[in-house]
Amino acid sequence: MNAAPSPIIGASAAIKGAIALVERFAPTSLPVLLVGATGTGKELFARHIHYRSGRRGDLIDVNCGALPQEIAESLLFGHRRGAFTGAVESVAGHLERADNGTLFLDEVMHLTLPAQVKLLRALETGEVQPLGAGNKRRVDFRIVSAAQEDTPERLDRGLFRHDLFQRIAGIVIDLPLLADRPEDIVPLAESFAVAQGQVLEADSGKVLEAHAWPGNVRELRLAIERAGWLVANGTLPAGAVRDAIALGLPRCQSGDRRSAERRGKGADRRRRPKPRRSWSELTRACQEHGGDAGRMADSFGIRRSALYDQLKAAGISLRSFRNSGARPEFRRNPTGIPDIETGATS
């Protein structure tokens, strides 16, 4: 197994928990589903899982949301010469190219339903049949997928097959928002600055920590890159960092600009939204408090309405915990493997 150090930067409990899961499950053959908002580092985690897996083949990166619907199956499973008009030569699909390696399906929930059917079959049999081919070919690849936090909703609406979800979700790893790991903001920014041959001034850290970072780590990286172009030397002062952040924000309409500026001047960490809890945190609280929403909200320091929003987003029903204490159907760790911190099984 590759012993290279982890490229994932962070000392917060949220990111350390995700890294610990990667280190534990990367050497296994279990499929991994990475769930997180845009910019939280899903591709970086997928690459680290591949490197830690010890597999000899390549990492094949596929953005399912960008696959043209009319040729999605051909791109994924390949085709043989003459399979359709314009197929002048045989082409291996992404699944074949991932043989002995890792297939990373980004935005997997946007895969077309016909392609979902064929992918499920390939995962069940370990065989791929390109379009126009009479014979199937055995393939051996590790599948790592990535999805946004609307996964339960897409399952409920029938946009993604439940049986395929079970196949790709051997272990589900939640990637935290950057706003939920504020202690990691400055170390990340420093690493981005060093990568481009620059350093942050001490006061720049306060500017960085005052921003909410809705675009997560990706937004932070781009802000540091912009700041580098605003200065003439290798030091990034607070003013340049502040201007770089502003250059990445959507422009307000003229009538709204003044009110937006007033809101920005009064922003500080105390006025930031409360961090969203992970599925495992919410589930544990449901068990500890017997599904009592009031007690749960108090324990998190949030209002009931905010708690209900988080439970809905995680696909958790309080009723099941009030009645029997059973866990909900959408499981974040459906493998039955003990939790790292508590030892409890799912």
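These are my notebook entries on what I looked up in this predicted model.

**Entry 1: the whole chain**

I began with the totals. The protein chain has 346 residues, and 43% of them count as buried. I found 16 helices and 9 strands listed for the chain. The accessible surface comes to about 18,100 Å². Carbon and sulfur atoms own 49% of that surface. Then I looked at contacts between residues at least 6 apart in sequence. Of these, 71% join residues at least 24 apart.

**Entry 2: strand β1**

Next I went to strand β1, residues 32–35.

Which strands pair with β1? One is β6, residues 142–147, which runs parallel to β1 over 4 bridges. Val-32 stands opposite Val-144 there. Another is β7, residues 171–174, also in the parallel sense over 4 bridges. In β7, Ile-173 is the bridge partner of Leu-34.

**Entry 3: helix α15**

I moved on to helix α15, residues 304–314. Which of its residues are buried? They are Leu-307, Gln-310, Leu-311 and Ala-314. These cover an arc of only 100 degrees around the axis, so they sit on the same side of α15. What follows the helix? Gly-315 does, and its phi is positive, near 70 degrees.

**Entry 4: Glu-96**

I looked up a charged residue next. Glu-96 is in helix α4, residues 94–97. Is Glu-96 buried or exposed? Its relative accessible area is 12%, so Glu-96 is buried, as the cut-off is under 20%. What touches Glu-96, leaving aside neighbours within four places in sequence? Phe-77, Arg-80, Val-128, Pro-130, Arg-137 and Val-139 do.

Phe-77 came up again in my search of rings. The charged end of Lys-118 sits over the Phe-77 ring, 4.8 Å from its centre. How many aromatic pairs does the whole structure hold? The search finds 0.

**Entry 5: Leu-75**

Leu-75 is in helix α3, residues 72–77. Its relative accessible area is 32%, so Leu-75 is partly exposed; that class lies between 20% and 50%. Not counting residues up to four places away in sequence, Leu-75 touches Leu-67, Pro-68, Gly-93 and His-94. I also checked Leu-131, which is 56 residues from Leu-75 in sequence. The two are 9.9 Å apart in space, C-alpha to C-alpha.

**Entry 6: Ser-204**

My last stop was Ser-204, in helix α9, residues 204–210. Its relative accessibility is 0%, so Ser-204 counts as buried. What lies against Ser-204, not counting residues up to four places away in sequence? I noted Leu-236, Pro-237, Ala-238 and Val-241. Pro-237 is 33 residues from Ser-204 along the chain. Their C-alpha atoms are separated by 5.9 Å.

Conventions: Residues are numbered from 1 along each chain as its sequence is written. This is a predicted model: local features need pLDDT of at least 70, side-chain atom pairs count only at pLDDT 80 or more; totals for chains, interfaces and linings use all residues. Side-chain values use heavy atoms; hydrogens and water are left out. Buried means under 20% relative accessible area, exposed over 50%, partly exposed in between (1.4 Å probe, protein chains only). Helices (H or I, at least four residues) and strands (E, at least two) are DSSP runs, numbered from the N terminus. Two strands pair if DSSP finds at least two bridges between them. Contact means heavy atoms within 4.5 Å. Rings of Phe, Tyr and Trp (its six-membered ring) pair if their centres lie within 6.5 Å; planes under 30 degrees apart count as stacked, over 60 as edge-to-face and the rest as tilted. A charge sits over a ring if NZ of Lys or CZ of Arg is within 6 Å of the ring centre and within 35 degrees of the ring normal. Accessible areas come from the Shrake-Rupley method with a 1.4 Å probe; for residues, only the protein chains shown count as cover. The arc is that of the directions from the helix axis to the C-beta atoms.
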